[in-house]
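User: Could you take a close look at one helix in this protein for me? I'd like to know how it sits among its neighbours.

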Amino acid sequence: MARSQQAQQEWAVRTARDRTDAPARGRLLDAAEHVFARLGYGPTTIADITARAEVSRAGFYVYFASKEEIFRVLAGRVRDAFLAAQDVPGVDTDDVAAVARASTAAFIAAYARHLPLLGLLDQQARGDAEVRALWEEIRERPVRRAARYVRRVAAEGRAHPVVDPLTLSRAVGGMSVEFARLVADDPAAYDTAVADVTAMYLHLLGIGAAPQQ
């Protein structure tokens, strides 16, 4: 067995916890997102990623088996970023307007940041079952999670949605995506985009204006 193959197998048996938080792994993921966004999926090579991350090729294989694997891990990271956007730490969850503004702000920021990769995910999902499953999670899990929140606050009498909660969440998600595209082109538009989407969100929720910051 070749030395490189043996090394890969030895690392493969280590637990995910041993490797997940390693600084080099994070640099590789950040570099991969940058390179995939700049070059596209097909032209990107492992050498491009390792050069950007300043990690050796052997170091790459400590954490990832292939270009395909690091792309899938990136997809999972993007999914987690959108789910985290709904956690709104430090915001009073009883204040529906504040939650709406904070979650909208976080979602638009996350979408604008990851926009180039999201386009590649859409493309790769058509021919890769694992990427397709992750892409569906990215598209659906935040929407369904938001819908559960709307149902809860409606049941508690703190909101009066004008349409079904799932329909409302899809509409707000769609608006957020469109405004995130504008923000990706013009970061200075971020505050206005957040304010506008939040105002429409609150209107659909049937409650008053969001608090000003």
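User: Which residues of α6 are buried, and what covers them?

Analyst: Keep in mind that this is a predicted model. For some background, the protein chain has 10 helices and 0 strands, and 43% of its 213 residues are buried.

Now to α6, which covers residues 67-84. With 18 residues at 1.5 Å each, α6 should span 26 Å, and its end C-alpha atoms do lie 26 Å apart, so the two agree. The buried residues in α6 are Lys 67, Ile 70, Phe 71, Leu 74, Ala 75, Gly 76, Val 78, Arg 79, Phe 82 and Leu 83. If you're wondering about the spacing in that list, an α-helix has 3.6 residues a turn, so residues three or four places apart point the same way.

As for the cover, the buried residues of α6 have α3 (23-39), α4 (46-53), α5 (57-63), α7 (96-124) and α8 (129-155) among the elements over them.

Two of those covering helices, α3 and α7, also meet each other: their axes come within 9 Å and cross at roughly 65°. The crossing of α3 past α7 is left-handed. On the α3 side the contact uses Glu 33, Phe 36 and Ala 37, while α7 brings Arg 113, His 114, Pro 116, Leu 117 and Leu 120. Sorted by class, that makes 5 nonpolar, 1 polar and 2 charged residues.

Zooming back out, take the chain's contacts between residues at least 6 apart in sequence: 65% of them join residues at least 24 apart.

Note on methods:
Residues are numbered from 1 along each chain as its sequence is written. This is a predicted model: local features need pLDDT of at least 70, side-chain atom pairs count only at pLDDT 80 or more; totals for chains, interfaces and linings use all residues. Side-chain values use heavy atoms; hydrogens and water are left out. Helices (H or I, at least four residues) and strands (E, at least two) are DSSP runs, numbered from the N terminus. The expected span of a helix is 1.5 Å times one less than its number of residues. Buried means under 20% relative accessible area, exposed over 50%, partly exposed in between (1.4 Å probe, protein chains only). Contact means heavy atoms within 4.5 Å. Axes are lines fitted to C-alpha atoms, for helices over the stretch in contact, and angles run from 0 to 180 degrees between N-to-C directions. A crossing is left-handed if the near helix is turned anticlockwise from the far one by less than a right angle, and right-handed if clockwise. Ala, Val, Leu, Ile, Met, Phe, Trp, Tyr, Cys and Pro count as nonpolar, Asp, Glu, Lys and Arg as charged, and the others, Gly among them, as polar.
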